[in-house]
Amino acid sequence: MREVVTREFDRSAADQRADVAKLSVSLREDLSAKGIQFFEVDREPFRQALGRRPLQDWKAKYGDEAWSHLEKSSGKLG
């Protein structure tokens, strides 16, 4: 039963992320059509700042197992 619940939660999370991504695109298009301007920023400096010491603190706090679950979803961090 745990395996089924885990699988379904994972699938639901992926579906929710896809829905949010679609909504973000459509909302941006609607607001742009109404004159709202969006500015793209270089995300790399933010990623680099987050990849320094604070992430290691979180990794130490939550442990290797939790960290590996996080990186499974997000990709390699720090």
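This is a predicted model: local features need pLDDT of at least 70, side-chain atom pairs count only at pLDDT 80 or more; totals for chains, interfaces and linings use all residues.
## Where the chain starts

M1 sits in the segment before α1, with helices taken as DSSP runs of H or I of at least four residues, strands as runs of E of at least two, and both numbered from the N terminus. At 84% relative accessibility, M1 counts as exposed; the cut-offs are under 20% relative accessible area for buried, over 50% for exposed and in between for partly exposed, with a 1.4 Å probe and protein chains only.

Residues are numbered from 1 along each chain as its sequence is written, and side-chain values use heavy atoms, leaving out hydrogens and water.

## Overall layout

The chain has three helices and zero strands, so its radius of gyration is worth a look: at 17 Å it is well over the 12 Å that the globule rule gives for 78 residues, so the chain is more spread out than a compact globule. That radius is taken over C-alpha atoms, and the rule is 2.2 Å times the number of residues to the power 0.38.

Along the principal axes, the C-alpha atoms fill a box of roughly 45 × 40 × 15 Å.

## Helix α1 and what follows

Helix α1 covers residues 2-33, and its 32 residues should span 46 Å at 1.5 Å a residue; the end C-alpha atoms are 46 Å apart, which agrees. The expected span is 1.5 Å times one less than the number of residues. Just after α1 comes G35, with a positive phi of about 100°.

## Helix α3

There is one aromatic pair by the ring rule. W58 and Y62 make up this stacked pair, at 5.6 Å centre to centre and 5° between the planes. Rings of Phe, Tyr and Trp (its six-membered ring) pair if their centres lie within 6.5 Å; planes under 30 degrees apart are stacked, over 60 edge-to-face and the rest tilted. Both W58 and Y62 lie in α3, four residues apart, or about one turn of the helix. W58 counts as partly exposed because its relative accessibility is 44%.

E71 is also in helix α3 (residues 53-74), and its 16% relative accessibility makes it buried. Neighbours within four places in sequence aside, E71 is in contact (heavy atoms within 4.5 Å) with K76 and L77.
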